[in-house]
Amino acid sequence: MSSQPKVPDEVAQGLFSSAQSLWLALSGLRSGDALPTDGVGGHAPSLPELQLHYWQQQSLLWMGTMARATGVVVEPIAAPGHCDRRFNDEAWRDNPWFSAIKQTYLLNSRLLDGMVDAAPLDPAAKHKAQFYAHQFIDSMSPANFAATNPEAIKLAFETNGESLRAGLDNLLEDLSHRRISITDDTAFEIGRNVAVSVGSVVFENPLFQLIQYTPLSAKVALRPLVIVPPCINKFYILDLQPDNSFVRYACEQGQTVFLVSWVNPGIELGETTWDDYVEQGVLKAVEVALAISGADKVNTVGWCVGGTILATALAVMRARGDESVSSVTLLTTLLDCSEPGDLGVFIDEQGVAKREQEIGQGGIYPGAELGFVFQMLRANDLIWPYVVSNYLEGKSPDAFDLLYWNGDSTNLPGPMYCWYLRNLYLENKLPTPGALTLCGTSVDLGKIDMPSYVLATQDDHIVPWRSAYRTTRLLGGKTQFVLGASGHIAGVINPPSKNKRSHWINAVAGDDTDAWLESAQALPGSWWPHWMKWLKASEGKQVPARTRLGGAGYKSIEPAPGRYVRVRGS
């Protein structure tokens with residue numbers, strides 16, 4: 001039997017191009033059109049417009065898929081963003097079947113996005129709908145399922161199914177711990193290869209331990225540095241390993257560093273309040289640092305919610321006439337919660353009232369629950385890649401110090417947590433002078449009149465940088481605002497030795513964030529040296545470094561990092 005005559009490639013390509021051109025002309029589309037962001041006359045696209053465009057794109061997709069089966073080279077109708085790593089495997093591009101699955105998913109995703117955008121909702125409701133729509137979209141990626149992930153299928157064949165068996169073992173193990181493993185926990189140990197800076201615990205109470213670190217220079221600034229980390233996670237994000245330790249860097253630059261190590265509270269601290277974190281926490285840490293150093297004042301640093309606690313403590317100190325703080329540095333800290341970003345999705349009256357009823361008068365909010373919320377904010381970085389790797393491919397996660405810290409969550413006392421949600425996030429009282437009373441004093445951020453250094457980061461998913469910028473309009477002293485590249489963690493932990501990323505500075509601080517950024521000066525590398533240069537004006541004269549830690553009645557209790565930091569969350 002004679003074989004069928006083969007259509008030459010150039011003829012097949014020409015036939016497909018002609019058919020596609022005819023269809024495009026009839027439908028009013030151009031090749032490569034994406035889902036429209038504007039409809040006729042500049043208005044947001046209506047639902048019928050979205051549906052029409054969707055079916056037009058789907059028709060082009062299946063025309064292209066059939067053409068590819070004949071060997072015709074076809075440009076994709078829908079392509080992932082350049083930062084989307086889910087479809088990096090060549091099969092998503094070269095295999096017609098997987099290419100069609102990928103493009104169908106992307107078209108469906110864009111349709112759902114457009115439908116939410118077109119919904120007649122108020123801004124808060126629309127933000128919430130968009131967030132949960134993205135959660136659904138991310139969860140339904142074909143890369144997340146064994147039957148539609150070409151890498152998982154290939155690996156299963158290559159290993160005779162062993163990768164799937166190992167993946168099931170990984171899944172059962174994670175289910176027993178009620179978490180998704182994102183790093184090799186056995187690779188790290190606090191005090192052995194993370195949190196290794198040398199120092200001593202020189203004070204402790206039920207709420208925190210105060211660590212004093214050994215100086216790393218012959219002379220130090222007279223005024224010590226008191227660091228207040230978040231109580232939501234452990235302090236050692238600031239002291240991961242020697243080459244990326246903020247604590248070590250400060251010591252090398254001639255600072256006497258005191259650092260608050262918050263307790264991981266159990267039910268015995270279930271009635272602890274925000275006032276306690278201010279009075280028994282920050283104010284006590286400042287008192288001890290002053291007594292040990294013999295200085296007239298201290299400089300302070302706060303990060304994230306640690307910065308919020310620090311700011312409220314400074315407002316209390318100023319209301320009491322206490323001027324023992326020379327400067328304040330706030331790292332990715334939110335004081336004005338009018339636009340809290342995606343975290344605001346989880347905070348509404350109904351939810352806060354429920355928390356208040358459950359734990360507002362006593363109890364513990366488990367750190368693991370809050371940790372999962374933070375993972376949801378970056379699901380395509382912190383959830384789904386590990387679902388694929390751990391369960392579909394049967395791999396074990398790599399050892400990564402930052403992700404080890406990320407999984408080392410801490411509990412929060414119920415009354416403190418509920419007060420924080422209602423007064424700061426839900427009702428946003430902190431920016432209004434006199435709206436809050438803490439430790440028996442009326443709080444006014446404008447009374448914080450010492451110099452302040454405010455760092456935000458460009459891609460922060462927890463503290464949007466434009467919201468953090470509002471701090472410059474709230475504090476009473478002269479403020480230096482700096483914008484770092486990257487996100488909430490990597491933008492802060494950016495040691496100069498790595499020579500990575502960049503930061504922006506601007507002497508002009510107006511109300512318009514876009515204008516600030518447009519006229520800002522971009523500087524390569526870490527912001528740490530810029531901050532250290534800024535701090536010089538507030539650190540006092542140089543004095544010989546102490547050879548013994550503690551003093552003034554405060555003795556060394558145990559070596560750093562102390563025992564409080566070793567208690568795991570529930």
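**Entry 1**

I started with M140, which comes out as partly exposed because its relative accessibility is 41%. That value falls between the cut-offs, since buried means under 20% and exposed means over 50%. I'm working from a predicted model here. M140 sits in the loop that links α5 (123–139) to α6 (150–158). Then I looked for a surface patch and found a nonpolar one of about 300 Å², made by F136, M140 and F145.

A147 is in the loop between α5 and α6 too. Is A147 buried or exposed? I noted it as exposed, because its relative accessible area is 64%. I also checked A147 against L392: they are 245 residues apart in sequence, but their C-alpha atoms are 9.6 Å apart in space.

**Entry 1: the sheet**

Next I traced the strands. There is an open sheet of 11 strands with mixed pairing, and I wrote its order down as β15-β14-β13-β12-β7-β6-β4-β5-β2-β1-β17. Which strands are at the edges? They are β15 (521–524) and β17 (558–559), each of which pairs on one side only.

At the β15 end I looked at the neighbour, β14 (residues 502–505), which runs antiparallel to β15 and is joined to it by 4 bridges. H503 is the residue I picked out there, standing opposite L523 in β15.

**Entry 2: β12, inside the sheet**

How many residues of β12 (residues 452–457) are buried? I got 6 of the 6, so the strand is largely enclosed by the rest of the structure.

β7 and β12 run parallel and are joined by 4 bridges, with V328 opposite S452 in β12. With β13 (residues 479–484), the pairing of β12 is again in the parallel sense, over 6 bridges. There I noted V482 in β13 as the bridge partner of L455.

**Entry 3: helices across the sheet**

α9 (residues 274–293) lies across β1 (199–204), β2 (208–213), β4 (225–228), β5 (257–262) and β6 (298–303), and it runs at about 30° to β2. α10 (residues 305–319) lies across β4, β5, β6 and β7 (325–331), running at about 140° to β6.

I found A195 in the loop between α7 (162–177) and β1. It counts as buried because its relative accessibility is 2%.

T332 also has a positive phi, about 40°, and is not a glycine. Its place is the loop between β7 and α11 (349–359). At 0% relative accessibility, T332 counts as buried.

My last stop was the peptide bond between A560 and P561, which is cis, with omega about 10°. P561 lies in the segment after β17.

Notes:
Residues numbered from 1 in each chain as written. Predicted model: local features only at pLDDT ≥ 70, side-chain atom pairs only at ≥ 80, totals over all residues. Heavy atoms only, no water. Patch = residues over 30% accessible without salt bridge, like charges linked within 9 Å, V, L, I, M, F, W, Y side chains within 5 Å. Areas by Shrake-Rupley, 256 points an atom, 1.4 Å probe, with all protein chains shown as cover. Salt bridge = Lys/Arg side-chain N within 4 Å of Asp/Glu carboxyl O. Helix = DSSP H or I, 4+ residues; strand = E, 2+ residues; numbered from the N terminus. Buried < 20%, exposed > 50% of the residue type's maximum accessible area, 1.4 Å probe, protein only. Pairing = 2+ DSSP bridges. Contact = heavy atoms within 4.5 Å. Axes fitted to C-alpha atoms, helices over the stretch in contact; angles between N-to-C directions.
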